[in-house]
Amino acid sequence: MALFFLILAVCTLIIGGMLLILLFSRTPRYRTEPEHLLELFDKALENRLSQHEWDTIINYPIRHDDYLDGVRRRAYHLMEAHGRAWRVPQGKPLLDSTGQEELAALRDHLAAHTQLRHRQRDQDEG
């Protein structure tokens with residue numbers, strides 16, 4: 001009978017511990033920042049990007065920043081209009097030449113906007 005209570009106590013401790021861990025742990029969240037998009041755009045322009053990596057970031061909505069979500073949606077539409085996923089395995093860029101030009105312009109715009117935001121934040125703090 002003592003063995004039964006010992007096993008019951010150990011199982012209760014293990015199950016209770018697991019329940020506490022599950023109750024107090026949170027679901028991990030991925031927060032896309034401007035630097036992530038800039039890095040993604042640079043990789044796409046340099047032909048170092050896979051279709052999977054592009055889809056992972058561009059298809060994930062950005063809820064904390066409306067401006068970044070607008071940039072993400074614009075990049076999504078660029079892929080829809082100018083993207084050719086079958087070109088990547090052949091060693092060609094993900095986007096055609098028009099798409100590359102538009103992505104470069106979008107990248108430059110995002111970089112300038114991000115730099116302006118950092119400058120404004122630095123002035124507000126200093």
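Trainee: Where is the place of Asn47 in the chain?

Mentor: Asn47 sits in the loop between helix 2 and helix 3; helices (H or I, at least four residues) and strands (E, at least two) are DSSP runs, numbered from the N terminus. Before we go on: this is a predicted model, where local features need pLDDT of at least 70 and side-chain atom pairs count only at pLDDT 80 or more, while totals for chains, interfaces and linings use all residues. Residues are numbered from 1 along each chain as its sequence is written, and side-chain values use heavy atoms, with hydrogens and water left out.

Most residues other than glycine have a negative phi. Asn47 isn't a glycine, yet its phi is positive, about 60°. With a relative accessible area of 32%, Asn47 counts as partly exposed; buried means under 20% relative accessible area, exposed over 50%, and partly exposed in between (1.4 Å probe, protein chains only).

Now the helices on either side of that loop. Searching the whole structure turns up two aromatic pairs, where rings of Phe, Tyr and Trp (its six-membered ring) pair if their centres lie within 6.5 Å, with planes under 30 degrees apart called stacked, over 60 edge-to-face and the rest tilted. One of them is Phe41 with Trp54: the ring centres are 6.3 Å apart and the planes stand at 40°, so this pair is tilted. It links distant parts of the chain, with Phe41 in helix 2 (residues 34–45) and Trp54 in helix 3 (residues 51–58), 13 residues apart. Phe41 and Trp54 are both buried.

Trp54 leads us into helix 3, whose buried residues are Trp54, Ile57 and Ile58.

From helix 3, Gln51, Trp54, Ile57 and Ile58 make the contact, and from helix 4, Arg72, Ala75, Tyr76 and Met79. By type, the residues of this contact split into six nonpolar, one polar and one charged; Ala, Val, Leu, Ile, Met, Phe, Trp, Tyr, Cys and Pro count as nonpolar, Asp, Glu, Lys and Arg as charged, and the others, Gly among them, as polar.

At 2% relative accessibility, Thr32 counts as buried. Leaving out residues up to four places away in sequence, Thr32 touches Leu37, Tyr60, Ile62, His64 and Leu68.

Definitions and conventions
Contact = heavy atoms within 4.5 Å.
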